[in-house]
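Have the sequence and the 3D view ready, and try each exercise before you look at the solution.

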Amino acid sequence: MNTFDYSYPVKVYFGEKAAANKLSGELSKVGKNVLLSCGGGSVKKNGIYEELMSILRAAGKNVTEFTGIMSNPTYAKVQEGAKLAKENKIDFILAVGGGSVIDCCKIVSAQARLDCDIWDMEFNDKKFPTEFIPMGAVVTAFGTGAEMNNGAVITNEDKKLKSALWGAFYSFAILDPVYTMTMPMGQVISGSFDALSHCMETYMGSPRDTNLSDEINEACQRNIIRNLRATLKDPKDIKARSELIWAAAMAENGILKIGKVTDFQAHMLEHQLGAYTDCNHGQGLAVIHPVLYRHMLPEAIPQFARLAVNVWNTDSTGKTEEQLASAFIEALSDFIKEIGLPTSFAGMNIPENTDYKAIAETTVLTGGCCKKFTAEELAEVLEECK
Ligand code: NZQ
Ligand code: ZN
């Protein structure tokens, strides 16, 4: 295990009625002007918006609404939110949604306190924001774990890049499983796969010998697989869903990353695919993972073999480490089919004429991965995903 410092700034309120029981206490600590931020309208249909509004009204807040944050939030939307926040002298941002709303607000919170353009500042000047509008998150769609970190994945349409910007941590996150019951099942599946992917991407980083972070990680992966199966069997199974929400948060709350340099090559590739196609994040990962892992196989045999046995219950009797490693990739591919995720870009309706070479050339090559990919090899991976 590498040397590490660990502390975590996000307070989590988990469980049914968490907003009703805890939000007013948090609101009493912040100023009067609140930016209530949400996506394309699901929270108005399922009653979450009204419930939160009544808590905000009872707390005597002046509410400005920032709505229409789209999946794969754009940099233009960030600027719209920052302008609103500045004009309305916002003291506190309440982000209500999935990863897209939660990410967008992290950068709104920083941009609203800056005179310069945050994209230029972070990517060109390599400087990072230090002042933020305080924020709280109410999670309505689980998977990304975005409520637990300060990275925000933003699509810059002009530059054709989908990249992580660094913003603020939320001071608290409300995770009420009931709030996620109206998620479309497709989003439950892609969100759960995203969480599984975060675990695998962390596991494949270094160091790669057995360590506590990876052993907890294996438990998280088993938990996600078991509880997604239970949720597919009974979408009303609140216990299974509660486990999924916390497992997704665990994958991104730093614990699995303690003492590790993470991999995240599948994510970097999927993000650029998103920049060019605006595709669903979890679906893109599902197509990319098995293909990328076949390319990684020679360099990742011990880790893949461990996952086969410890996560996917492969019987190791009479099998070589190489055979077990291949069995892991097959088990993962079978699971993707079993849960109904796409297995090709065609299955995601990605246009045939997509410029995969440009996507590969603009993908960040990660350092933590056991295999150092080149842009040429990533282009091959993308071609094989078609
Ligand atoms: O927009 P609304 O109408 O709210 O509908 C949303 C959206 O269509 C819907 N939804 C959310 N809660 C619902 C609901 N529908 C009914 N009932 C509810 N309770 O779900 C749809 C998807 O929401 P979205 O937030 O886009 O999904 P997700 O949580 O998967 O977030 C995806 C974004 O997060 C980024 C992805 O790249 C993508 O941009 N990621 C962020 C990460 C991070 N910050 O740590 C890590 C991830 O790897 C990921 O890259
Ligand atoms: Zn992800």
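Two exercises follow, each with a worked solution.

This is a predicted model, in which local features need pLDDT of at least 70 and side-chain atom pairs count only at pLDDT 80 or more, while totals for chains, interfaces and linings use all residues. Residues are numbered from 1 along each chain as its sequence is written, and chains are lettered from A and ligands numbered from 1 in the order in which they are written.

**Exercise 1.** Find the domains of the chain and describe the side of domain 1 that touches domain 2.

*Solution.* 
- Step 1: Start with the bounds, which come from an automatic or database domain assignment: domain 1 covers 11-180 and domain 2 covers 185-385.
- Step 2: Over C-alpha atoms, the centres of the two domains are 27 Å apart.
- Step 3: Domain 1 gives 20 residues to the contact and domain 2 gives 26; two residues are in contact if their C-beta atoms, placed from the backbone, lie within 7 Å.
- Step 4: On the domain 1 side, strands S1 (11-14), S6 (151-156) and S7 (161-166) each supply at least two residues, and S7 has the largest share with three residues. Strands (E, at least two residues) and helices (H or I, at least four) are DSSP runs, numbered from the N terminus.

**Exercise 2.** Which residues are the closest to ligand 1, and which helix supplies the largest share of its shell?

*Solution.* 
- Step 1: Ligand 1 is surrounded by 35 residues, the closest being Gly39, Gly40, Ser71, Gly98 and Gly99; a residue is near if its C-beta atom, placed from the backbone, lies within 6 Å.
- Step 2: Helix H5 (99-111) is among the suppliers of at least two residues, and H5 has the largest share, four residues.
- Step 3: Domain 1 and domain 2 each give at least three residues to this shell.
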